[in-house]
Amino acid sequence: MADFFDYLNWRGDLSFDDVPFNKIDALLLAHVTYSIFDGVVPENFTEKKTFAQVAKDFMAMPDYEERINIGFLINKRTAELMFKCAEVERYKNVELCGFRNIYNEEKVEQFAAVTYIVNGNPVIALRGTDDTIVGWKEDFNIAWQEQIPAQKDSLEYFKEAASAFNGDFVLVGHSKGGNLVINTAVRCGSELQKRINEVYNFDGPGFATDFFKSPEYKAVEGKIRSFYPGFSVVGMIFHHPANFEIVKSDGFAFWQHDAMNWQIMGSNFINEGKFADESRLFYKVFNEWIDKLDNSQRKSFVETMFCILEASGAKTNSDIEKDALKSTARMVAAYADMGKERRKELKKILSLFKDVIADDIPIFKPLVLERSLKK
């Protein structure tokens with residue numbers, strides 16, 4: 001099956017004049033944005049570096065070996081993909097600028113963005129959830145916060161970029177980045193909405209049902225293109241847009257979320273006919289449950305779940321994976337200290353996660369162990 005590297009072998013010698021920017025390019029740039037570009041890509045919008053220069057500077061960084069190890073949940077070939085882009089005619093002269101990376105444990109905030117200049121046109125890519133527990137907690141805070149910090153960051157970023165560039169924009173994002181680009185397009189105001197050509201959401205968590213009924217959403221609905229793998233979990237958290245493509249992935253279960261596993265043919269994805277049974281069941285049961293809760297109950301659920309995770313002392317999934325026994329012991333102890341009713345409610349919803357992500361995401365493993373979650 002073909003992936004990004006095959007796509008660059010097929011299309012890498014063709015300019016964007018020969019083969020216009022398409023959904024594969026959108027996903028590729030969304031994924032490359034997981035790269036640790038701190039100190040490499042300029043933070044302002046006036047100074048720009050080509051992919052070729054970025055790759056050269058990236059490799060020269062003293063912490064290069066650490067940078068290519070992005071974390072447990074991000075594909076380890078991400079740096080290799082960035083270097084491949086730097087070699088091929090299609091991408092080597094694409095310019096990068098406006099890099100931002102914000103991480104704040106106290107505010108529960110994880111945000112990063114890069115602007116790519118493709119054939120003279122700005123493409124804003126918003127990073128998805130990284131390896132940190134803070135990043136995952138912020139995702140779940142979508143359930144009760146009117147605007148999570150990353151959503152505010154992305155709006156501010158787009159407004160700044162719109163002041164720096166003339167012309168229109170394409171917005172792309174994978175995982176939480178998909179949620180951020182949709183939210184930005186909907187909430188940026190009518191004048192900036194006119195300057196958005198396309199919005200690409202790749203398996204991003206969704207929104208409350210009322211979000212899709214708003215006039216602001218209707219104004220950009222025709223510009224939003226959503227894509228989900230057949231076995232989708234992240235994209236099934238909260239409600240997703242009505243129109244979407246289902247993409248075939250070589251990944252197993254949750255790892256279909258990894259864009260490196262999405263299957264490509266030419267300038268298109270290979271499609272699946274429907275979502276996996278597990279994804280459809282998760283979407284139905286999780287969202288029916290969350291829709292019944294009021295805002296204070298949603299907040300309580302998120303705070304309860306992540307209180308246990310934070311008790312591990314770990315900052316990332318990688319930390320938990322490195323010392324699983326100690327992390328699990330601390331989390332189980334924190335769970336045992338909870339009241340019976342809180343434990344019962346938490347166990348009920350976490351059981352939904354058991355079949356779709358428990359074996360893949362370290363932060364969830366201890367939470368869904370049957371032996372650990374005894375009444």
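This is a predicted model: local features need pLDDT of at least 70, side-chain atom pairs count only at pLDDT 80 or more; totals for chains, interfaces and linings use all residues.
Let's start with the helix. α9 covers residues 176-187, and its 12 residues reach 16 Å from the first C-alpha to the last, close to the 16 Å expected at 1.5 Å a residue. Most of the helix is covered, with 11 of its 12 residues buried. Among the buried ones are Lys176, Asn179, Leu180, Val181 and Val186. Just after α9, Gly189 adopts a positive phi of about 100 degrees.

Ile182 sits in helix α9. Its relative accessible area is 2%, and because buried means under 20%, Ile182 counts as buried. Leaving aside residues up to four places away in sequence, Ile182 touches Val199, Asn201, Phe207, Phe211, Tyr217, Ile224, Ser226 and Pro241.

Now to the strand. β5 spans residues 169-174, and six of its six residues are buried. Both of its faces are covered: Phe169, Leu171 and Gly173 lie on one side, while Val170, Val172 and His174 lie on the other. β5 pairs with two strands, as listed here.

| Strand paired with β5 | Sense | Bridges |
|---|---|---|
| β4 (residues 121-126) | parallel | four bridges |
| β6 (residues 196-202) | parallel | six bridges |

Leu126 has Gly173 as its bridge partner in β5, and His174 has Phe202 as its bridge partner in β6.

How values were computed: Residues are numbered from 1 along each chain as its sequence is written. Side-chain values use heavy atoms; hydrogens and water are left out. The expected span of a helix is 1.5 Å times one less than its number of residues. Buried means under 20% relative accessible area, exposed over 50%, partly exposed in between (1.4 Å probe, protein chains only). Contact means heavy atoms within 4.5 Å. Two strands pair if DSSP finds at least two bridges between them.
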